[in-house]
Amino acid sequence: MNRRQFLLTLGAAATAGGAYAWQQDHGKTPPLPPGDILGASNTVGHRLRRMQFPEPSATEKTPVIIVGGGIAGLSAGWKLQRAGFHDFVILELESEVGGNARSGQNAITAYPWGAHYLPFPTQESRAVRELLADFGVLQGDPYAVEPVYDPRYINFAPQERLYANGLWHDGLWPQVGVRQRDLEQYRRFQELMGEFQRQRGADGRKAFAIPIDFSARDPDLLALDRLSMRDFLLQHGLDSEPLHWYVNYACRDDYGCRYDQTSAWMGVHYFASRDAQARDAASDDVLTWPEGNGWLVKRLRERLEPHLCPNAIAWRLSELDRAILVDTWHARENRSIRRLARLVIWAAPLFQAPRVFQELAAARTTAIAEFQYAPWLVANLSLRGFPQERRGAPLSWDNVLYDSDALGYVVATHQQLAVHQEQTVFTWYHALCDAPPDQARRQLLETPWRVWAEKILRDLSRPHPDLRALVTRLDLVRWGHAMVRPRPGFVWGEARQLLLQPQERVLFAHADLSGYSIFEEANYRGVLAAERALTALGIPFGSSCQVFGAG
């Protein structure tokens, strides 16, 4: 145990004693802390269903309009700006840009409201590497086989732990109570994933790559898309319960759906696609910040501030002979503005497009109907002290509970350099995947804050019995359409392939197009659309999407 861990242990012991004393003195369960439901506004978003907007009162001309200020839209703007093109606007429905990578901050620390880390990007993820180099996270040659990353942004140890059978242990592979046959199946599974990681297709591409566009297309590989990940395991004679738990957890964590709801191609992709190395770092390290990927959003927002237009709903998009019409309702002013553009980059979720894009082809509308979305709940718990620890591994950055339907929590202050911290914030994640998406979405929206708060505190009180007395505030964010679900048959199915075919003047650019939602895919889709826009405008640029001739 190093000095930092020792002092943290002392602080945890002191605050745990105070919490226990409160419970003893009062003889009852501590009351719920204050809190609220924050973040994405379903009320504003649902205005698109009613289409009750005032007609435009003014007209403006803007050569390029980007609809959607998530990672895809911000990445598109970043690429346009780097090419020296500045005549564009980014329209964002919410009051803040960032999409699922947004973050918050209080007197204790910054913390994530969504995506909380970025794995070392692969060589195919050129645009992400260039972005990280632009912001000083990657140092030196961004195309090196083993780039150098600023050590401040590499996750500090201990990285992750699992709570099972009353004990915390290192890593997320279940170890307590497992049999020899389970350990043997762990080994077989890891060897199988290693083989897939080394496999190359007939065209020389990786079998499983990030971005997904650079993956091989061999029929035997694509056939995996017709299976679920659960069936894939069973077909390979892998029936170990703790192994199935681990693979199921991975699918819930990255895709928002259970492993029996996840394409086997995408399930294998989770384990076989990440082969990036970094100098002076372990292969399983990641990049992270107290506010998660919100740190990257802040840097993008700083660069793109003059182009950002929040609280703006694009509610009508129509192709005219010489321009594209985009009518936008501005919530703060309660008025609509008509913008005329040469090109539109649609970086909002695809399910919104048919309501807005009047000339969208019927085939594309039908294809978009095939996209399903996973709802998520994220909570941030402010604590006046670190909770009491059970036996085993010490508090880590990522902390997972074996017998929970949630995904565990990350510690926002873990990445801070301060040796002793009295307060902290736990960010708790839950993918609602035990019911059909529409039903789960209703549950997410209709369940009161108090009910969610009780569930969260019960979940975390099992490993931390004094936690409830330490929580000073508990806030929630509901993501009704957090990410597209890579279910069997969808990833390489006709619907997604149809929507990948580019249009001339309205360019789709969202991680939805990749069939799953991660930072690298959103960044790639945005940059790729920006490059197509630059080509149409006749503006020279250096491509960030030309691995294997893509783009």
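Helices H4 and H5 are roughly perpendicular to each other in this predicted model, because their axes cross at roughly 70 degrees and angles of 65 to 115 degrees count as roughly perpendicular. Helix H4 also packs against helix H18, and a further helix pair is formed by H6 and H9. A search of the whole structure finds 4 cavities of 30 Å³ or more.

**Helix H4 and its partners**

- Two packed helices are described by the angle between their axes and the distance between the axes.
- The axes of H4 and H5, the latter spanning residues 126–134, come within 12 Å.
- On the H4 side, Trp78, Lys79 and Arg82 take part in this contact, and they meet Ala127, Glu130, Leu131 and Asp134 in H5.
- By class, the contact of H4 with H5 comprises 3 nonpolar residues, no polar residues and 4 charged residues.
- Helix H4 (residues 71–82) and helix H18 (residues 519–537) have axes that come within 7 Å and cross at roughly 45 degrees.
- That angle makes H4 oblique to H18, and the crossing of the two helices is right-handed.
- H4 contributes Ile71, Ala72, Ser75, Ala76, Trp78, Lys79 and Leu80 to the contact with H18.
- H18 contributes Phe519, Ala522, Asn523, Gly526, Val527, Ala530, Glu531 and Leu534 to the contact with H4.
- The contact of H4 with H18 holds 10 nonpolar, 3 polar and 2 charged residues.

**Helices H6 and H9**

- Helix H6 (residues 180–198) packs on helix H9 (residues 241–255) at an angle of about 45 degrees, and their axes are 8 Å apart.
- H6 and H9 are therefore oblique to each other.
- Asp182, Gln185, Tyr186 and Phe189 of H6 make the contact with Glu241, Pro242, Leu243 and Val247 of H9.
- The residues of the contact of H6 with H9 divide into 5 nonpolar, 1 polar and 2 charged.

- Rolling a probe the size of a water molecule over the atoms shows where empty space is left.
- The largest cavity holds about 50 Å³ of space.
- Its lining consists of Pro112, His116, Thr288, Trp289, Pro290, Gly292, Trp397, Val410, Val411, Ala412 and Gln415.
- The lining of the largest cavity has 7 nonpolar residues, 4 polar residues and no charged residues.

- Proline 158 lies in the loop between strand E9 (148–149) and strand E10 (160–164).
- The loop between H6 and helix H7 (219–222) contains proline 211.
- The position of asparagine 165 is in the loop between E10 and strand E11 (167–170).

How values were computed. Residues are numbered from 1 along each chain as its sequence is written. This is a predicted model: local features need pLDDT of at least 70, side-chain atom pairs count only at pLDDT 80 or more; totals for chains, interfaces and linings use all residues. Side-chain values use heavy atoms; hydrogens and water are left out. Axes are lines fitted to C-alpha atoms, for helices over the stretch in contact, and angles run from 0 to 180 degrees between N-to-C directions. Helices (H or I, at least four residues) and strands (E, at least two) are DSSP runs, numbered from the N terminus. Angles under 35 degrees count as roughly parallel, over 145 as roughly antiparallel, 65 to 115 as roughly perpendicular and the rest as oblique. A crossing is left-handed if the near helix is turned anticlockwise from the far one by less than a right angle, and right-handed if clockwise. Contact means heavy atoms within 4.5 Å. Ala, Val, Leu, Ile, Met, Phe, Trp, Tyr, Cys and Pro count as nonpolar, Asp, Glu, Lys and Arg as charged, and the others, Gly among them, as polar. On a 1 Å grid over the protein atoms alone, a cavity is a set of points where a 1.4 Å probe fits but cannot get out, and a pocket is an open set with protein on both sides within 12 Å along at least five of seven lines; lining residues have an atom within 4 Å of a point. Grid points are joined across faces, edges and corners, and a volume is the space filled by probe spheres set on the points.
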